[in-house]
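User: I would like to learn how to read the features of a protein model. Could you take me through one step by step?

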Amino acid sequence: MGYDIRMARLVSGESIIGKYNAEKQQIDDPAVLQTVQAQQGVQVMMLPFGYPFDNQYGGSISERHIVYYYQKCPEEMQTKYLEATSSLTLSSGGLGNVDLTKAPVGGLIRGK
């Protein structure tokens with residue numbers, strides 16, 4: 001099942017990312033986005049919305065607390081969010097230059 005991952009700005013001024021629930025008109029499992037100054041420019045940090053008191057992703061934020069939905073949520077940001085909320089690592093690429101028509105590295109498996 002694919003999620004509708006959205007970035008939004010709350011009435012409090014915080015930027016969040018989460019799973020949009022159209023039926024309940026809310027953002028589920030919200031994460032707060034914080035910008036951090038770095039030598040290369042600005043980096044984005046993603047934390048559970050209740051951090052530091054709640055270290056788990058969960059809960060929901062009603063749409064009535066949202067003043068703005070960002071038009072696009074970068075794919076890399078969606079991937080990082082899904083990895084953080086599911087404890088899974090998602091592949092960002094294919095198999096690279098692997099040619100599946102050639103024999104595997106260990107050799108061919110011979111029939112009887």
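Analyst: We start with strand pairing. Two strands pair if DSSP finds at least two bridges between them. In this predicted model, 3 bridges join S1 to S6, and the two strands run antiparallel. Within that pairing, leucine 10 stands opposite isoleucine 66 in S6.

User: Which other strand pairs with S1, and over how many bridges?

Analyst: Strand S1, residues 5–10, also pairs with strand S2, residues 15–21, in the antiparallel sense over 5 bridges. S1 and S2 form a hairpin, with 4 residues between them. In its turn, glycine 13 has a positive phi of about 100 degrees.

User: How many helices and strands does the protein have, and in what pattern do they follow along the sequence?

Analyst: The protein has 1 helix and 6 strands. Read along the sequence, the pattern is β-β-β-β-β-β-α. A related reading concerns contacts: of those in the protein with a separation of 6 or more, 50% are between residues 24 or more positions apart.

User: Which residues other than glycine have a positive phi?

Analyst: Glutamine 25 is one of them, with phi near 50 degrees. Glutamine 25 lies in the loop between S2 and S3. Aspartate 29 is another case, with a positive phi of about 50 degrees, and this residue lies in strand S3.

User: Is glutamine 25 buried, exposed or partly exposed, and why?

Analyst: Buried means under 20% relative accessible area and exposed means over 50%, with partly exposed in between. Glutamine 25 counts as partly exposed because its relative accessibility is 46%. Across the protein, buried residues make up 24% of the 112 residues.

User: Which peptide bond is cis?

Analyst: The bond from tyrosine 51 to proline 52 is cis, and its omega is near 10 degrees. To find it, look in the loop between strand S4 (41–48) and strand S5 (60–62), where proline 52 lies.

User: What should I know about nonpolar cores, and which residues make up the largest one here?

Analyst: The general idea is that nonpolar side chains tend to be buried together in soluble globular proteins. Here the largest nonpolar core has 9 residues: Ile5, Met7, Ile17, Ala31, Leu33, Met46, Cys73, Met77 and Tyr81. S1, strand S3 (26–38) and helix H1 (75–86) each supply at least two residues of this core. Apart from it lies another core, of 7 residues, including Ala8, Ile16, Ile61 and Ile66.

User: Which residues does methionine 7 touch, leaving out those up to four places away in sequence?

Analyst: With those left out, methionine 7 touches Ile16, Ile17, Leu33, Tyr68, Tyr69, Tyr70, Cys73, Pro74 and Met77.

User: How do I read salt bridges, and how many are found in the whole structure?

Analyst: Side chains of opposite charge can pair when their charged atoms come close. A search of the whole structure finds 2 salt bridges. In one of them, the side chains of arginine 6 and aspartate 4 meet at 3.1 Å, N to O. Arginine 6 has a relative accessible area of 28%, so it is partly exposed. Aspartate 4 has a relative accessible area of 34%, so it is partly exposed.

User: Which residue forms a salt bridge with lysine 19?

Analyst: The partner is aspartate 29, and the closest N and O atoms are 3.1 Å apart. This pair links distant parts of the chain: lysine 19 is in strand S2 and aspartate 29 is in strand S3, 10 residues apart.

User: Are lysine 19 and aspartate 29 buried or exposed, or in between?

Analyst: Lysine 19 counts as buried because its relative accessibility is 13%. Aspartate 29 is partly exposed because its relative accessible area is 21%.

Technical notes
Residues are numbered from 1 along each chain as its sequence is written. This is a predicted model: local features need pLDDT of at least 70, side-chain atom pairs count only at pLDDT 80 or more; totals for chains, interfaces and linings use all residues. Side-chain values use heavy atoms; hydrogens and water are left out. A nonpolar core is a set of buried Ala, Val, Leu, Ile, Met, Phe, Trp, Tyr and Cys residues joined through side-chain atoms within 4.5 Å. Buried means under 20% relative accessible area, exposed over 50%, partly exposed in between (1.4 Å probe, protein chains only). Contact means heavy atoms within 4.5 Å. A salt bridge is a side-chain nitrogen of Lys or Arg within 4 Å of a carboxyl oxygen of Asp or Glu.
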